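Subject: Structure for your files

Dear colleague,

Here is the structure I said I would pass on. My notes on it follow below.

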Amino acid sequence: MLQLTAKFYDQLKKCPYPMEALAEAKRQYLKEGGVLQANPWYWANINYTGINNEVGLKETSNPLPLACVISMTLLGLFFLRRKLTKV
């Protein structure tokens, strides 16, 4: 279930239409999986319901660089304040 869901969202980034993205994700899942995973019990129950409207997923940004910049700024301000209070 987790693999198929991850594949669905990967496909949704490439193809903005959920029905097509899910179909392609299932094809990839079946292609990459073994005999056990080919059993419909593992993939056939996942369906998309609703209108096949275009879905625009945005790439998530990596918060690590921003966190590093903020941390370094706060650390710099801390040492600057500490230096100024000693004088």
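**Aromatic pairs**

Two aromatic pairs turn up in a search of the whole structure. Rings of Phe, Tyr and Trp (its six-membered ring) pair if their centres lie within 6.5 Å; planes under 30 degrees apart are stacked, over 60 edge-to-face, and the rest tilted. In the pair Phe8 and Tyr9, the ring centres are 5.1 Å apart and the planes stand at 65 degrees, so the pair is edge-to-face. Phe8 counts as buried, at 13% relative accessibility, while Tyr9 is partly exposed, with 42% relative accessible area. (Buried is under 20% relative accessible area, exposed over 50%, and partly exposed in between, with a 1.4 Å probe and protein chains only.) Phe78 and Phe79 also form an edge-to-face pair, because their ring centres are 5.3 Å apart and their planes are at 70 degrees. Phe78 is partly exposed at 47%, and Phe79 is partly exposed at 45%.

This is a predicted model, in which local features need pLDDT of at least 70 and side-chain atom pairs count only at pLDDT 80 or more, while totals for chains, interfaces and linings use all residues. Residues are numbered from 1 along each chain as its sequence is written, and side-chain values use heavy atoms, leaving out hydrogens and water.

**Core**

The largest nonpolar core has nine residues: Leu4, Phe8, Leu12, Ala21, Leu22, Ala25, Tyr29, Trp43 and Ile46. Such a core is a set of buried Ala, Val, Leu, Ile, Met, Phe, Trp, Tyr and Cys residues joined through side-chain atoms within 4.5 Å. At least two residues of this core come from each of helix H1 (2-14) and helix H2 (18-32), and H2 gives the largest share, four residues. Helices here are DSSP runs (H or I, at least four residues), numbered from the N terminus.

Ala25 touches Leu4, Lys7, Phe8 and Gln11, leaving aside residues up to four places away in sequence; contact means heavy atoms within 4.5 Å. Gln11 is in helix H1 and counts as buried, at 7% relative accessibility. With that same exclusion of residues up to four places away in sequence, Gln11 touches Ala21, Glu24, Ala25 and Gln28.

**Surface patch**

Leu66, Ile70, Leu74, Leu77, Leu80 and Leu84 form a nonpolar surface patch, with about 610 Å² of accessible area together. Patch residues have over 30% relative accessible area and no salt bridge, and nonpolar side chains (Val, Leu, Ile, Met, Phe, Trp, Tyr) are joined within 5 Å, like charges within 9 Å. A salt bridge is a side-chain nitrogen of Lys or Arg within 4 Å of a carboxyl oxygen of Asp or Glu. Areas are from the Shrake-Rupley method with a 1.4 Å probe; for residues, only the protein chains shown count as cover. Leu80 lies in helix H3 (residues 63-86) and is partly exposed at 45%.

Regards
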